[in-house]
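Hi,

Here is the structure I promised to pass on. Have a look at it first, and then read my notes below.

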Amino acid sequence: MARGLKAALPNKGGKKEAKFDKPQNIKATLKRLLRYMLAYRWQLPVVAICVIISALSGVAGTYFIRPLINDYIVPLIGQQSPDLSGFISLILTVAAIYAAGVLATWAYQRIMLNISTGVLKKVRIEMYQHMIHLPLKYHDSHTHGELMSRYSNDTDTLREMMSQGVTQLFSGALTLIGVFTMMLVLSPLLTALVVVMLVVMVLAVKKIGGRSAGYFIRQQRELGRLNGYIEEMTSGVKVVKVFCHEDKSKEGFDALNSDLREAAKNANTYANVLMPVMNNLSYVNYALVAAVGAALVIGGRFDLGGIGSFLQYTRNLSQPISSISQQFNSILNALAGAERIFNLIDEPLEVDNGQTSLVNAVEDADGQLSETDHHTGIWAWKRPLEDGGYQYVRLRGDVRFNHVSFSYTPEKEVLHDISFYAKPGQKIALVGSTGAGKTTITNLLTRFYDINEGSITYDGIDIRDINKQQLRSSLAMVLQDTHLFTGTVRENIRYGNLQASDAEIEEAARLANADYFIRHLKDGYDTLITEDGANLSAGQRQLLAIARAAVNNPPVLILDEATSSVDTRTEALIEQGMDKLMEGRTVFVIAHRLSTVRNANAIMVIENGRIIERGDHEDLLSQHGRYYQLYTGSFEME
């Protein structure tokens, strides 16, 4: 927790970094998004047609101002009984054009909403499916808040871009082209004047919009950091309170919140300035065109209806420019988010070249194993041979570490030349100071990480040759930090074996001595667990975790501080259940309470990544070494 607080606090006395994260490859990101959208290839042409109709209806409708004024309004001025039939007919034509534009606008927005939600559904599914298969190293190096930001902030900006940004950009561009074309038709001279002002407006958009885009990207980054900090503090609120860390955590939050405020302030300052600047420049443009146009009309070089249409086009010209400038920022922001999503999807998956699988087996009279489709209670490793056949090796739980060295990072080796063995049915205890490397050994056995040197064999097979899922299905772990999922008690225990019957679940609970307290819950095994088991005590959560491991019925069991959260009486009950559970199984026990490892077949004392002592309880006490000091000192590890 302290490390998290320290990491979250800003550096004092230094200048804030002004460098922004920007989309690294806009073209590649857009092409990749287009591949998702091609799933709706039959709807996209309809969207394009509707956008064209919507954009051009406004352009065409504005042009009709000219004939309305020149052919009807001016000639009819002063007439006592004017014939309005032609005028009404033209008005109805204009109304029909605008109605078609409104209908087209509704249609493309509705279709794009369907496309954007469909694309995001696929992106989220792909992102989640990829994320859960990423190596543990990736999750260890990224905060939960940072990952959650991919599913919330980044996908939300992507949704806005696809549902609104792209179509508005396309519509704005068409409108701009259409308006400019009609202006050229009406008056090249006035159009030249507008172009000069247009250049000024584009320069303003480029200058202000570019600065705004950088800060919007920074805003997303700071928001992800803040979300990660909040998630960490809320999950560890008890630790914060018990160590009176409220003020310190508030300092960390204030610092991150200030960074977010600064980025948001700058982003929205430039974004909010852009619209007034564009509006005022458009007013200046309108005034200049009106003045010059009036002079042309007075001089007989332009008609009154033409200047009316041209002025309306001049006003309409600023709208697509403003729309394009606004979407420019949001699209850049969305593309930056899309890159972050694609970076997650492109992360290398766990490398798994293992070809050996775990199968149900039957044994004939000669002791030979063969594969079967039905459950027999006998499991075997199905190992491919060079000749195309298979060798079947009975799953017994024989684990051996042979000169294993490992490092999480190249600059620091965590384990140094570790060698030991665990025969089937043996209980192996790993003891030592915090950070000595005990949990790392179990991480290597489960292949959460792969070793740098040496080998680990499982029933004589190098675990790198065993399929990871098959390897892990033969193991069960009870971790120090228990995690329960939203659902019933029964569903949480069944998580260890999805095929387990209700009877097997209850038997596993009795084995872990959890059945008694479960039956005293309000709804027994159907009691709903929420918020990671907040309605249960720490000891009860640990008992459920042990029951979850028991229902898996594994040949190898790993207990990483499995009794650290229970009292002495509960610990004794668990040990009674564990003695039954451990019968015939290979068990690795990591413990700080040395009283829990006295009956282990072998105890290994690990310090600084090396095994410094090994033997059973009595042997190690007789050596008067590190184990003796720990055992006779306080019964607790340092």
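Predicted model: local features only at pLDDT ≥ 70, side-chain atom pairs only at ≥ 80, totals over all residues.

Residues are numbered from 1 along each chain as its sequence is written, and side-chain values use heavy atoms, with hydrogens and water left out.

The protein chain holds 20 helices and 16 strands (DSSP runs, numbered from the N terminus: H or I of at least four residues for helices, E of at least two for strands). Its radius of gyration is 36 Å, well over the 26 Å that the globule rule gives for 638 residues, so the chain is more spread out than a compact globule (taken over C-alpha atoms; the rule is 2.2 Å times the number of residues to the power 0.38). Along the principal axes, the C-alpha trace spans about 120 × 65 × 55 Å.

Of the 638 residues, 45% count as buried (under 20% relative accessible area, with a 1.4 Å probe and protein chains only).

Helix α3 covers residues 44-63, and its buried residues include Val-47, Cys-50 and Val-51.

Val-123 sits in helix α5, residues 85-131, and counts as buried because its relative accessibility is 1%. Leaving aside residues up to four places away in sequence, Val-123 touches Tyr-36, Ile-341 and Ile-345 (heavy atoms within 4.5 Å). By contrast, the C-alpha atoms of Val-123 and Gly-306 are separated by 51 Å.

Best wishes

Definitions and conventions:
Buried < 20%, exposed > 50% of the residue type's maximum accessible area, 1.4 Å probe, protein only. Expected span 1.5 Å × (residues − 1).
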